[in-house]
Amino acid sequence: MSDYRRWTSEEEQYIRDHWKTQSDAEMATALNRMEGAVRAKRRELRCSPQKTWTPEEERYLEDHWGTVSIPGIAKKLGRTVHAVKVRAVRMGLGGMLGSGDYVTFNQLMIALTDNAKSYSYQMESWVRRRGFPIHTKRVDKCVWRVVYLDEFWKWAEQHRSFIDFSKLEPLALGAEPDWVAEQRRKDFQAFALQRKDPWTPDEDSRLKMLLKQHKYGYAELSEILCRSEGAITRRCNDLGLKERPVRADNHGKSSVWTDADYQALADGIRHGDSYPMIGKAVGRSEKAVRGKAYFTYLTEDADKVRAMLEGGPWGFGAPEPTVRQGFNLSRTRTEVRKDLSVLDALLRKRMNDLGYDPYWQRFMCQNWDLIKGCSAGCTDCDSCTEFRRIKPQYCRMCGGEFLERREQTFCPKCRAMRKKQAQKKYAVLHARGWL
């Protein structure tokens, strides 16, 4: 037998007539061919038994197309991957990735933002910091990041202050929860009318002209220029302008926050209102509202404040400040000053109890301690035989002479200056994000 002979039309017709009644081995014997060659020719002539798709199999394919992987469907139905793809095309099911109750992460970012952010920023800010629900989906050999819409809406309700819903077209992601329409209206009032493009020379000239009149505050300038208060502050710093918007009247009884103001602030954050809208409701600037939120909850992120506030009154769930946070809070500075005043009073009482007031020599004696009194054990300075004059010291920085009982490298004036330099350096490094 030879497998290199050309197939004649009679041999091909024989296979067409007998493939249903004879096996490949029987046809190979009749045609004087090898069994493998007959099998290959039979498949080439499409003379193979085909498994018909049942209505149940088609229904399963239609229900799970886009949610279950193609190999998973093929394994479930006992068919090849190619057969599943061909049947899906014939049924008009569309692409695998475009089917199902999800969208790709890139499609969602395009729908939610008007300007394309970098992928690394989206993964850091959305996924890692805020726990955005993202999944990976494999189609053949490609891997895609997809977002299930039901999980997205649950996440968006908890982070409604982070997303600007005025940029999301209605029904762009299909059916929306009931709260989305109201949030879109609030975001449009708060953000849609504020420009975010670069400042033009005409806007700079107009800003300078308005500032020179010395009668407009941040809120009025924000409405006139259609810019946020933060953008106006940053532009004044960039241009190096000496003039600044008129500061709000923060003195008197009108500046005190009432219980109604705190309730309006809590309700606004709880309902997803922006800080400018809350400021208009309570009659204060956006900066004042942000400062009050940070003063109580140590963050300006409205979503984090809402999670801590829950359904309680203002101040409910507020965290305790750390040492670094308390350094910048006025309430902790007030408490520290109060505690220091009490300590100063106790120390003065202790000094009076020692009974050394008439003796001025103690201020020049090395043995004198402000708390314990005379460390040499003398009862009074007149009969003291252990007097030791404080030795003068010299500052390493300025070279000046100063008197202190404890050994110091720098004089008090230079120590205060070095402390202020260290504070300025820390502020710069902290602003650059290096600390």
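**Exercise 1.** Determine whether F162 is buried, partly exposed or exposed in this predicted model.

*Solution.* The relative accessibility of F162 is 24%. Buried requires a value under 20%, and exposed a value over 50%. F162 therefore counts as partly exposed. For W126 the relative accessibility is 5%, so this residue counts as buried.

**Exercise 2.** Classify the ring pair formed by W153 and W179, and locate both residues in the chain.

*Solution.* The ring centres of W153 and W179 are 6.4 Å apart, and pairing requires centres within 6.5 Å. The planes of W153 and W179 stand at 80°, and an angle over 60 degrees counts as edge-to-face. The pair is therefore edge-to-face. W153 belongs to helix 9 and W179 to helix 10, 26 residues apart, and the pair thus links distant parts of the chain. Both W153 and W179 are buried.

**Exercise 3.** State how many aromatic pairs the model contains, and describe the one between W126 and F162.

*Solution.* The count comes to eleven aromatic pairs. W126 and F162 form an edge-to-face pair, with 5.0 Å from centre to centre and 70° between the planes. Because W126 lies in helix 8 (residues 119–128) and F162 in the loop between helix 9 (149–158) and helix 10 (178–192), their pair ties together parts that are 36 residues apart in sequence. One aromatic cluster includes W126, F162, W153 and W179, together with F105, F132, F152, W155 and F165.

**Exercise 4.** Identify which charged residues lie over the rings of W7 and Y218.

*Solution.* Over the ring of W7 sits the charged end of R33, 4.1 Å from the ring centre. Over the face of Y218 lies K287, at 4.4 Å from the ring centre.

How values were computed: Residues are numbered from 1 along each chain as its sequence is written. This is a predicted model: local features need pLDDT of at least 70, side-chain atom pairs count only at pLDDT 80 or more; totals for chains, interfaces and linings use all residues. Side-chain values use heavy atoms; hydrogens and water are left out. Rings of Phe, Tyr and Trp (its six-membered ring) pair if their centres lie within 6.5 Å; planes under 30 degrees apart count as stacked, over 60 as edge-to-face and the rest as tilted. Helices (H or I, at least four residues) and strands (E, at least two) are DSSP runs, numbered from the N terminus. Buried means under 20% relative accessible area, exposed over 50%, partly exposed in between (1.4 Å probe, protein chains only). A charge sits over a ring if NZ of Lys or CZ of Arg is within 6 Å of the ring centre and within 35 degrees of the ring normal.
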